[in-house]
Amino acid sequence: GVVTNDALHGATPGAYVANAISRDDKEDILEQAIFETQPDVLVGGGQSVYNQIKAAERLPETGYRLVQTADQLREWDASSGEKLLGLFASGAMAYAVERPATEPSVAEMLQVALDALSGGENGFFLMLENDRIDGAGHANDLRRSVYDTLAFDEAVAVALAFAAERDDTLVIVTADHETGGLTPGRGVPSMVVLREGPEAVRLRIMDAFSQDPEADLVALLTQEAGIEDVEPMVFQGNLAGFIEALLTQQAGYFYTTTGHTDVPVPVFAQGPGAEHFLEVEHITDMAQTVIEILGLNREGDH
């Protein structure tokens, strides 16, 4: 099974279901996923590329049942024996804090996948990804990052609860990289900025300045952002950028990049085989470790 809140042709899910030259080969990746690899559970976003490859008219030959809303997913009969294809957004699904009622949470998608896959006699492999944490890191958006990390935590709880009722399930939690270089700031964290995001607070402060150009910036930071202890800083740029820099650094955090970093990521493992993940290793070596635990070779044969 492959579960993600990214588009199904995204880099991480794509690595499990297709063989392509580039992650940008979206049509090829989704074509392979649905019509060649055909995992028993395949849920996420990517409706627009699904339409581009005209998959709907060929879907009956695959044995997939297509669901496109959270309600349809909840109503799906996991004991039906059908393969499940879920497409809940045109591209990537929404951030957790903005998730519409039509989209399921990652925890809901995981629970349905577990229900569907656990009925077999030969075990299963399931990959769950919360891609929106990475998206929030690229955008330097701590508010969205926090909410999606909490959403991922709920999904991990579902996996651990499932494993706790059995003695044959290994749960591994990790990441492929860190994004954004999140770093503690100089001030006390502002709950206003964390809840609303620096951009929204900045817009309010800029609006106040437009109404009163003589307004006191420190007073506005206290009033609109809950920041009382403002330290001086050097900044090259316009007023809007200066205010946002103040909000992020004085609110208790700032980012060092909008890209990926080389910060080592943690690996958590629980269940039979967890002892194989005690040492520091290259992220790509983990794949071989899992292949060996499953008793497979690199070609996927026993």
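H5 passes H7 in a right-handed crossing. Helices here are DSSP runs of H or I with at least four residues, strands are runs of E with at least two, and both are numbered from the N terminus.

A word on the source. This is a predicted model, in which local features need pLDDT of at least 70 and side-chain atom pairs count only at pLDDT 80 or more, while totals for chains, interfaces and linings use all residues. Residues are numbered from 1 along each chain as its sequence is written, and side-chain values use heavy atoms, with hydrogens and water left out.

Back to the pair. Two packed helices are described by the angle between their axes and the distance between the axes. For H5 and H7, the axes come within 8 Å and cross at roughly 25 degrees. That makes H5 roughly parallel to H7. The classes are these: under 35 degrees is roughly parallel, over 145 roughly antiparallel, 65 to 115 roughly perpendicular, and the rest oblique. Axes are lines fitted to C-alpha atoms, for helices over the stretch in contact, and angles run from 0 to 180 degrees between N-to-C directions.

Who touches whom? From H5, the contact uses Val106, Ala107, Leu110, Gln111 and Leu114. From H7, Ala151, Phe152, Glu154, Ala155, Val158, Ala159 and Phe162 take part. Contact means heavy atoms within 4.5 Å. These residues divide into 10 nonpolar, one polar and one charged. Nonpolar covers Ala, Val, Leu, Ile, Met, Phe, Trp, Tyr, Cys and Pro; charged covers Asp, Glu, Lys and Arg; the others, Gly among them, are polar.

Now H5 by itself. Helix H5, residues 106-117, has 12 residues. Its first and last C-alpha atoms are 16 Å apart, close to the 16 Å expected at 1.5 Å a residue. The expected span is 1.5 Å times one less than the number of residues. Which residues of H5 are buried? Val106, Ala107, Met109, Leu110, Val112, Ala113, Leu114 and Leu117. Buried means under 20% relative accessible area, exposed over 50%, partly exposed in between, with a 1.4 Å probe and protein chains only. The buried residues pack against several elements, including strand S1 (2-7), strand S2 (41-45), helix H4 (70-75) and H7 (142-164).

Second pair. The axes of H9 (198-211) and H10 (217-225) come within 10 Å and cross at roughly 135 degrees. That makes H9 oblique to H10. H9 also passes H10 in a right-handed crossing. H9 brings Val201, Arg204, Ile205, Ala208 and Phe209 to the contact, and H10 brings Leu217, Leu220, Leu221, Glu224 and Ala225.

Now the loops. Gln38 sits between helix H2 (26-37) and S2. Its phi is positive, about 50 degrees, although Gln38 is not a glycine. Asn140, between helix H6 (132-138) and H7, has a positive phi of about 55 degrees and is not a glycine either. Gln38 is partly exposed at 23% relative accessibility; Asn140 is partly exposed at 22%. Ile21 is in the loop between helix H1 (11-17) and H2. Buried or exposed? Ile21 is exposed, at 85% relative accessible area.

Last, the whole chain. The count is 12 helices and 11 strands. Buried residues make up 40% of the 302. The C-alpha atoms fill a box of roughly 70 × 45 × 40 Å along the principal axes.

How values were computed
A crossing is left-handed if the near helix is turned anticlockwise from the far one by less than a right angle, and right-handed if clockwise.
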